[in-house]
Amino acid sequence: MTAGVDLGQPQAQAIRSDEDVVRVRQLVRMVAVAVKLSLVDQTKVVTAASELARNTLVYGGGGTVEVGTVDNGTRRGVRIVFADCGPGIADLDLALTDGYTTGGGLGLGLSGARRLVDEFDIQTAVGEGTRITVTKWSR
C-alpha cells in the first residue's frame with residue numbers, strides 16, 4: 001500500500017457526477033505519485049484523466065474507470081481504462097480532430113488527452129459505448 005493506494009490491484013471508480021470526476025483526478029494523482037512519475041508527467045496524466053472522465057460523464061452518460069499500474073521490466077507507469085455504455089462515437093476520426101466539439105467547448109478533449117499520454121487506445125461502437133485505455137510511463 002503506497003499513498004493510500006493498493007498498487008497490486010486496479011482501483012475502480014464509478015463516474016456518475018462531477019464529484020466522481022474530482023475523485024478520478026485524485027486517484028490518478030495518487031497512483032502517479034506512487035509509481036514516481038515526474039511532476040510534469042503527473043500533471044499530464046491527471047489532465048488527460050480529467051478530460052476523459054468528463055467525456056465519460058457528459059457524452060457516455062456515466063460509466064466506470066479503472067486506475068492501475070503497469071511495469072514493462074524497465075519502468076513503471078499508470079494505466080487508466082474508461083468505459084461507458086453510452087451512444088458510442090459515430091465518427092472517431094472526426095472526434096479525434098483538434099478543434100472538433102459537439103459540446104461547445106474547445107474541442108481538445110480526446111485529441112488533447114491523446115497527446116498527453118504515451119499510449120492511447122479507443123474502442124467504440126455506435127449504440128454500444130466507448131472504452132478508452134491510456135498509459136503514461138515513467139521517464
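Author: A salt bridge is counted here where a side-chain nitrogen of Lys or Arg lies within 4 Å of a carboxyl oxygen of Asp or Glu. Side chains of opposite charge can pair when their charged atoms come close. The structure holds seven salt bridges. The model is a predicted one, in which local features need pLDDT of at least 70 and side-chain atom pairs count only at pLDDT 80 or more, while totals for chains, interfaces and linings use all residues. Residues are numbered from 1 along each chain as its sequence is written, and side-chain values use heavy atoms, with hydrogens and water left out.

The account may begin with D41. A salt bridge joins D41 to K136, with 3.6 Å between the closest N and O atoms. D41 belongs to helix 2 (residues 39-58) and K136 to strand 5 (residues 129-137), so this pair ties together parts that are 95 residues apart in sequence. Helices (H or I, at least four residues) and strands (E, at least two) are DSSP runs, numbered from the N terminus. D41 and K136 are both buried; buried means under 20% relative accessible area, exposed means over 50%, and partly exposed lies in between, with a 1.4 Å probe and protein chains only.

D41 also meets the side chain of R139 in a salt bridge, at 3.3 Å from N to O. This pair again links distant parts of the chain, since R139 lies in the segment after strand 5 and D41 in helix 2, 98 residues apart. The relative accessible area of D41 is 4%, so D41 counts as buried, whereas R139, at 63% relative accessibility, counts as exposed. D41, K136 and R139 belong, together with D118, to a network of salt bridges.

A further salt bridge is formed by the side chains of R79 and E119, at 3.5 Å from N to O. Here R79 lies in strand 3 (residues 76-84) and E119 in strand 4 (residues 119-125), 40 residues apart. R79 is partly exposed, with a relative accessible area of 28%, and E119 is likewise partly exposed, with 36%.

The surrounding fold comes next. The protein chain has four helices and five strands, which follow one another from the N terminus as β-α-α-β-β-α-α-β-β. The five strands form an open antiparallel sheet in the order 1-2-3-5-4, where two strands pair if DSSP finds at least two bridges between them. Strand 1 (11-15) and strand 4 are the edge strands, each pairing on one side only. Strand 1 is joined to strand 2 (residues 63-71) by five bridges, and A12 has E66 in strand 2 as its bridge partner.

Helix 2, which carries D41, lies across strand 1, strand 2, strand 3 and strand 5, at about 10 degrees to strand 3. Axes are lines fitted to C-alpha atoms, for helices over the stretch in contact, and angles run from 0 to 180 degrees between N-to-C directions; contact means heavy atoms within 4.5 Å. Helix 1 (residues 18-34) lies across strand 1, strand 2 and strand 3, and runs at about 160 degrees to strand 1.

For the chain as a whole, 42% of the 139 residues count as buried. Among contacts between residues at least 6 apart in sequence, 61% join residues at least 24 apart.
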